[in-house]
Amino acid sequence: MEILIYGTINSVALALYALGFAMVYGVSRLPNFAHGALYVLSGFITWSFLNSLGLNYLISILLAMLATGLIGALIYQFVLIRVRGMEISEIMASYAIGLAILEGLRWGGFKGMTYTLPAFISGSTEIAGIPVDYQRLLVVGIGIAVVGLLWLFTRYTRIGLALRGMAQDERAAMMLGIDSDLMAVTAMGFGSMLAALAAVLLLPLGNIVVESGYNILILAIAVCIVGGLGSWMGAVLAAFLIGFAQILTVVYLGSHFQMVVALAAIILTLIIKPSGLFGRQKELEERV
Amino acid sequence: MLEAKGLMVFYENMLALNNIDIKCEAGQIVGVFGANSAGKSTLMYTLSGIMQDIKKKEEMSGGERITVMGEVKYQNETITDLKPSQRARKGIVLCPERRRIFSESSVLENLKIGAYLATRSQAKYTLEYVFKLFPALEKLKKRIGGFLSGGEQQMLAIGRALMAQPKVLLLDEPLLGLSPLMQATLILATREIRDEMNISIIITEQYARPVMPIVDYAFILENGSAVMEGTKEELMDNRDIRAAYFGVEESYT
């Protein structure tokens, strides 16, 4: 029971980490290696709004999400757009930006264990005799809601449909009047906002530390590779797979094996089924 | 309406289009015929602006050097440097070779993505029109695009292009690999689109015979050059053309 509850929580958390990354990659084929940095950055932005400017918590969160989305869009518009289509350069450029953000934060004095965000609702309850705090329940609730909203967004709105078109065949989308650069900026903005959302939900469970940026990036990549790069639903499924695998190793092996699970998942997937569970490499054969 | 003047396209040093002048007046159906590698798709990509994107991507990845010279004009406005999305906004929509439908989306979703440029009422109206034009699509609207047959995919591709509210529709080899029956259906539909929606159409094909009855004017491309052009009657009267593109063999007497 404990495994079930904490496995679900962990899985939803992983899905939240990965959705932004999956979205950006799915739409513009851009592996955003600054994803983890944006996650940590939004945590510190929220903290600053809350403690330095003394804003209301909810307002700080919304502002931080908007700010992170904007930063993501600007990163794309001014840097990544120039290396678009060159895979190695995309990785190097986005990773460099991520490094700059993370190490910049460290240099700027955001280090140590002193930075924390408060939980939305403190306290805890018991589910089937297992104590669970409200914040974790909130993570699961909002996580599921986000996945649902994303599903609706990409199926019933004009922008969402255009993003889906771009993700499937960029050039065909262009022929229909969809501006690929505009859509890529939009996707990057949304992806960054999703990173920020994950941050404000999950950071209250621990401290805001710069180092977690690197871990989040690896977890997000692990989930996306196992799920199949570019497949959003695959990412959600993979999050549950890795999420439960992690909790099982914590219970039966020890907590420092968590990261090993993620890395092993990447390696195993690449060896056995490089396209992942729902990869797009196995596209239906063209009919002539 | 849509016009290209002195169009030259080079892939590295290979001449893909050689000094092409082509014109499509409002309400016309213009045919472009030629064998494989005659330059039909290159012409379509250049007219629709996709060539800009191909060129940019090749430059970025250090691939082929593509040079485009000449001028593309639309309603007396030069659009040579416009991006494909901007041209589509003006009403030039390409329905590409090999259809390129969104294979993971359902038929209905393909059409909805196509309606990106349409207003809500335009989208509703055009959707009804597409289903009237191709009743087969309505029955398949929940089917995933990748599971459609070639003919169904082509109907969907044309329908999707119509959803983008074109004024000039560029059809690149719409009959490729289809049965004679399906070819006839598509050709009739093409004429209906022109007559009922008042859309000008440029259509390319390797084999001219099925398309010829509906075109007003046609060009014949060979190795990137327009070797012949004229009205339907003028081309039909030419014996060489008949033999090469209509499959009508005649003995020289």
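Q: Which residue stands opposite E222(B) in β10(B)?

A: The model shown is a predicted one. In β10(B), S225(B) stands opposite E222(B). The strands concerned are β9 (residues 217–222) and β10 (residues 225–231) of chain B, which run antiparallel and are joined by six bridges.

Q: How many residues lie between the strands in the hairpin of β9(B) and β10(B)?

A: There are two residues between the strands, and N223(B) in this hairpin takes a positive phi near 45°. As a general idea for reading strands, the side chains in a regular strand alternate between the two faces of the sheet.

Q: Where is K232(B) found, and which residues is K232(B) in contact with, leaving aside its neighbours within four places in sequence?

A: K232(B) belongs to helix α9 of chain B, residues 232–236. Its contacts beyond those neighbours are M212(B), P213(B), V215(B) and D216(B). P213(B) is 19 residues from K232(B) in sequence, while their C-alpha atoms are 7.8 Å apart in space. The side chain of K232(B) also reaches the backbone oxygen of P213(B), at 2.9 Å.

Q: Why is K232(B) counted as partly exposed?

A: Partly exposed lies between the cut-offs of 20% for buried and 50% for exposed. K232(B) is counted as partly exposed because its relative accessible area is 24%.

Q: Which residues form a nonpolar patch on the surface?

A: The patch is formed by M1(A), L4(A), F120(A), I121(A), I127(A), Y134(A) and L137(A), with about 590 Å² of accessible area together. Of these, I127(A) is placed in strand β1 of chain A, residues 124–127, and is partly exposed at 32% relative accessibility.

Definitions and conventions:
Residues are numbered from 1 along each chain as its sequence is written. Chains are lettered from A and ligands numbered from 1 in the order in which they are written. This is a predicted model: local features need pLDDT of at least 70, side-chain atom pairs count only at pLDDT 80 or more; totals for chains, interfaces and linings use all residues. Side-chain values use heavy atoms; hydrogens and water are left out. Helices (H or I, at least four residues) and strands (E, at least two) are DSSP runs, numbered from the N terminus. Buried means under 20% relative accessible area, exposed over 50%, partly exposed in between (1.4 Å probe, protein chains only). Contact means heavy atoms within 4.5 Å. A polar contact is a pair of N or O atoms within 3.5 Å; within protein, one must be able to donate a hydrogen and the other to accept it, and residues adjacent in sequence count only if both atoms are side-chain atoms. Two strands pair if DSSP finds at least two bridges between them. Patches are made of residues with over 30% relative accessible area and no salt bridge: like charges are joined within 9 Å, nonpolar side chains (Val, Leu, Ile, Met, Phe, Trp, Tyr) within 5 Å. Accessible areas come from the Shrake-Rupley method with a 1.4 Å probe; for residues, only the protein chains shown count as cover. A salt bridge is a side-chain nitrogen of Lys or Arg within 4 Å of a carboxyl oxygen of Asp or Glu.
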